[in-house]
Amino acid sequence: FLRALHGHDDVVRSAVFSPDGALVITASYDKTAVLWSAGTGERLRKLFGHDGWVVSAAFSLDGALVLTASRDETAKLWSVETDETAKL
């Protein structure tokens, strides 16, 4: 394997590459999602805001947004450029 991505405090439920392959988003039972550099493995930002396990995460087709889904019965839309939820 090429590298391990360390930075969650519980089970990692999913991992997905961005459309351009430059980023990875992971979803975890630690109630966070983490955005990583696929090239270096560097943790770029940790997304806080769910009150339950984050069970999945996906990028928008243009790679500008991430959608997370949680056991807290919410889905949150995030800007990749910040750790803020996106305004719709």
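Biologist: Which strand does Phe59 lie in?

Modeller: Phe59 lies in strand S5, where strands (E, at least two residues) and helices (H or I, at least four) are DSSP runs numbered from the N terminus. This is a predicted model, in which local features need pLDDT of at least 70 and side-chain atom pairs count only at pLDDT 80 or more, while totals for chains, interfaces and linings use all residues. Residues are numbered from 1 along each chain as its sequence is written, and side-chain values use heavy atoms, with hydrogens and water left out.

Biologist: Is Phe59 buried or exposed?

Modeller: Phe59 counts as buried because its relative accessibility is 13%; buried means under 20% relative accessible area, exposed means over 50%, and partly exposed is in between, with a 1.4 Å probe and protein chains only.

Biologist: And what is Phe59 in contact with?

Modeller: Leaving aside neighbours within four places in sequence, the contacts of Phe59 include Val16, Phe17, Leu23, Ile25, Leu35, Val66 and Val80, where contact means heavy atoms within 4.5 Å. For Phe59 and Ile25, which are 34 residues apart along the chain, the C-alpha atoms are separated by 8.0 Å.

Biologist: Which residues make up the largest nonpolar core?

Modeller: The largest nonpolar core has twelve residues, namely Leu23, Ile25, Ala27, Ala33, Leu35, Leu47, Val54, Ala57, Phe59, Val66, Trp78 and Val80. Strand S2 (23-28), strand S3 (33-37) and strand S5 (54-59) are the elements that give two or more residues to this core. A nonpolar core here is a set of buried Ala, Val, Leu, Ile, Met, Phe, Trp, Tyr and Cys residues joined through side-chain atoms within 4.5 Å.

Biologist: Where is Val80, then?

Modeller: Val80 is placed in the segment after S7, and Val80 is buried, with a relative accessible area of 8%. Apart from neighbours within four places in sequence, Val80 is in contact with Leu23, Leu35, Arg45, Phe59, Gly63, Ala64, Leu65 and Val66. The C-alpha atoms of Val80 and Ala33 are separated by 12 Å, and these two residues are 47 apart along the chain.

Biologist: What about Leu47, what is it in contact with?

Modeller: Once neighbours within four places in sequence are set aside, Leu47 is in contact with Ile25, Lys31, Thr32, Ala33, Trp78, Thr82 and Asp83.

Biologist: Lys31 is in that list, so where does Lys31 lie, and what is its phi?

Modeller: Lys31 lies in the loop between S2 and S3, and its phi is near 75°, a positive value in a residue other than glycine. With 39% relative accessibility, Lys31 counts as partly exposed.

Biologist: Where is Glu73 found?

Modeller: Glu73 is found in the loop between strand S6 (65-70) and strand S7 (75-79). Although Glu73 is not a glycine, it has a positive phi of about 70°, and Glu73 is exposed, with a relative accessible area of 77%.

Biologist: Changing topic, how many helices and strands are there in the protein chain?

Modeller: The protein chain comes to zero helices and seven strands, and its radius of gyration, taken over C-alpha atoms, is 12 Å. That is close to the 12 Å that the globule rule gives for 88 residues, so the chain is as compact as a globular protein of that length; the rule is 2.2 Å times the number of residues to the power 0.38.

Biologist: How much of the chain is buried?

Modeller: Buried residues make up 35% of the 88 residues in the protein chain.
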